[in-house]
Amino acid sequence: MRFCALFAIVLVLIGCQTQPPAPVEKVGPSAPGLSEESIQDEARVLADVLSYGQRIPHMSSDEQKREVPALTQAMGRDRSLVSRLKLALLLSQPGAGVQDDVRALSLLEAYANTGPQAGPLRQFASFLHMQVAERMRGARRADQLKEQLEALRAVERSIIERGQTPQPRKP
């Protein structure tokens, strides 16, 4: 039985090797004014930005705190989207000692409505803006629900203090 399965796998692999590769299709229009080479360059830079983002959770709190002024200075010097993205990633990292979603959102505001025709860096900036904004909306909603729950608890406490038992609701 094992031999038959192994033989079938070998035949499939041999068959796959003899078939020519499928043509690669471009997905969507390319960014206006950007050549394939510049899009590839942006994709490499974006890979570097994402690599930085993956290092953030492994940094100590002190390292993260030192990164904020360093990235702020870098952004002030070159005004590049890369510096802006790195700082926004650092500030929007959940649970980080330097988390500041409001500031991260303001750094990305100019890229909020970037369309799919933009380059990879601008598309990622738009995506990150959307994620941070959504997390902030969720946090506001959670705060509202906590306040409502606390108000209900206060009503319950006042009923208990008056010595009355709450009447069950009738459907």
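Q: Which residues have the most contacts inside the largest nonpolar core?
A: A nonpolar core is a set of buried Ala, Val, Leu, Ile, Met, Phe, Trp, Tyr and Cys residues joined through side-chain atoms within 4.5 Å; buried means under 20% relative accessible area with a 1.4 Å probe, protein chains only. The largest one here has 30 residues, and Leu85, Leu87, Leu90, Phe124 and Leu128 have the most contacts inside it. Helices α2, α3, α4, α5 and α6 each supply at least two of its residues, and α4 gives the most, with eight. This is a predicted model, in which local features need pLDDT of at least 70, side-chain atom pairs count only at pLDDT 80 or more, and totals for chains, interfaces and linings use all residues. Residues are numbered from 1 along each chain as its sequence is written, and side-chain values use heavy atoms, with hydrogens and water left out.

Q: What does Leu128 touch, not counting residues up to four places away in sequence?
A: Leu128 touches Leu85, Ala88, Leu89, Ser92 and Leu108, with contact taken as heavy atoms within 4.5 Å.

Q: How do helices α2 and α6 pack?
A: Two packed helices are described by the angle between their axes and the distance between the axes. For α2 (residues 36-55) and α6 (residues 120-161) the angle is about 40° and the axes are 8 Å apart. That makes α2 oblique to α6. Ile39, Glu42, Ala43, Val45, Leu46, Val49 and Leu50 of α2 meet Pro120, Leu121, Arg122 and Phe124 of α6.

Q: Which residues of α3 are buried?
A: In α3, they are Gln64, Val68, Leu71, Ala74 and Met75. The buried residues of α3 pack against α2, α4 (81-91) and α5 (101-108).

Technical notes. Axes fitted to C-alpha atoms, helices over the stretch in contact; angles between N-to-C directions. Helix = DSSP H or I, 4+ residues; strand = E, 2+ residues; numbered from the N terminus. Parallel < 35°, antiparallel > 145°, perpendicular 65-115°, else oblique. Buried < 20%, exposed > 50% of the residue type's maximum accessible area, 1.4 Å probe, protein only.
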